[in-house]
Amino acid sequence: MNGLPFLVRTVICVFFLLSALTVNDTNAKVILKETTAYYSVVGKTGREIFKSMIDRGPRLGGPKGHALATTEYKYDINNVDVEIKQGRCIPVRVDVVVRVKYTYPRWAGNRGARKSTRRAWKHFEKSVVWHEKQHVKIALDYAKEYQLALKKTRLRSSQNCTATSFSTTWRATRAALKHNRRQRLFDRQDLRPGGRGYEAQLRLLKAE
């Protein structure tokens, strides 16, 4: 079946917040913090459920309309610990916190649906969660790349070694674009015929 709605539209929000320089242990970390929100959908058949998701799902803005599920990212930089050697500021610790918010559909009033539809929904639901977790894995790879780049940064001590200075020296744009390309590629692979997400949608759509 052609023209299936996308299982997910990934909303990538990259925003760097830097704390004051602190002195901590030198074990830099990438920390994942996750929250989950839900919106209610109704219907007794797969097509009714899909229509409800399309009508009620997270708003994307612009002509793309609503998504069935979304993942939002925010990257915070904390605990920048710096040493000064030979007139250079060297970061020995940079913690990157990846804050993730999932928005999923929650099927309400499903008691009147057939068992085949309930089974298809459970399969679809698991597929959505798996799909979102893969996006987060890609986001964590980006966070690690950013962290390593920051730790390799060297500034002259005359620049005051501020946390903001370290954040602006590395060109995050190229890495962010690569990250976005990986996210889009994964969507194309999972949501095309034969992909796990595509097949889960198709199974739900066919459920009566």
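1. Order of elements. From the N terminus on, the elements of this protein run β-β-α-β-β-α-β-α-α-α. In total there are 5 helices and 5 strands. The model under review is a predicted one. Of the 208 residues in the protein, 43% are buried.

2. Salt bridges overall. A search of the whole structure finds 6 salt bridges. Side chains of opposite charge can pair when their charged atoms come close. Three of these pairs are treated in the points that follow: Asp 76 with Arg 99, Asp 141 with Arg 182, and Glu 145 with Lys 178.

3. Strand 3 to strand 4. The closest N and O atoms of the salt bridge between Asp 76 and Arg 99 are 2.4 Å apart. Asp 76 belongs to strand 3 and Arg 99 to strand 4, and the pair links distant parts of the chain, 23 residues apart. The two partners fall into separate accessibility classes: Asp 76 counts as buried because its relative accessibility is 4%, under the 20% limit, while Arg 99 is partly exposed, with a relative accessible area of 32%.

4. Helix 2 to helix 4, Asp 141 and Arg 182. The side chains of these residues meet in a salt bridge with an N to O distance of 3.2 Å. Asp 141 is in helix 2 (residues 115–151) and Arg 182 is in helix 4, so the pair, 41 residues apart, links distant parts of the chain. Asp 141 is partly exposed at a relative accessible area of 34%, and Arg 182 counts as partly exposed at 38%.

5. Helix 2 to helix 4, Glu 145 and Lys 178. A salt bridge also forms between the side chains of Glu 145 and Lys 178, at 3.3 Å from N to O. Glu 145 lies in helix 2 and Lys 178 in helix 4; this pair, 33 residues apart, links distant parts of the chain. Glu 145 is partly exposed, with a relative accessible area of 29%, and Lys 178 is partly exposed, with a value of 38%.

6. Positive patch. Arg 181, Arg 184, Arg 188 and Arg 192 form a positive surface patch. Arg 181 is placed in helix 4, which covers residues 172–190. Its relative accessible area is 48%, so Arg 181 is classed as partly exposed rather than exposed, a class that requires over 50%.

7. Which contacts does the side chain of Asp 95 make? The side chain of Asp 95 reaches the backbone nitrogen of Lys 29 at 2.9 Å. A polar contact of 2.2 Å also joins the side chains of Asp 95 and Arg 93. Asp 95 has its place in strand 4 and is buried, with a relative accessible area of 1%.

8. Pro 91 in strand 4. Pro 91 is likewise placed in strand 4. With a relative accessible area of 3%, Pro 91 is buried. Pro 91 and Val 80 are 11 residues apart in sequence, and their C-alpha atoms are 6.7 Å apart in space.

9. Backbone at Gln 86. Gln 86 has a phi near 50°, a positive value in a residue other than glycine. Where does Gln 86 lie? Gln 86 is in the loop between strand 3 (70–85) and strand 4 (88–107). Gln 86 is classed as exposed because its relative accessible area of 84% is over 50%.

Key:
Residues numbered from 1 in each chain as written. Predicted model: local features only at pLDDT ≥ 70, side-chain atom pairs only at ≥ 80, totals over all residues. Heavy atoms only, no water. Patch = residues over 30% accessible without salt bridge, like charges linked within 9 Å, V, L, I, M, F, W, Y side chains within 5 Å. Areas by Shrake-Rupley, 256 points an atom, 1.4 Å probe, with all protein chains shown as cover. Salt bridge = Lys/Arg side-chain N within 4 Å of Asp/Glu carboxyl O. Lys, Arg positive; Asp, Glu negative; His and termini not counted. Charge placed at Lys NZ, Arg CZ, Asp CG, Glu CD. Helix = DSSP H or I, 4+ residues; strand = E, 2+ residues; numbered from the N terminus. Buried < 20%, exposed > 50% of the residue type's maximum accessible area, 1.4 Å probe, protein only. Polar contact = N/O pair within 3.5 Å; in protein donor to acceptor, adjacent residues only side chain to side chain.
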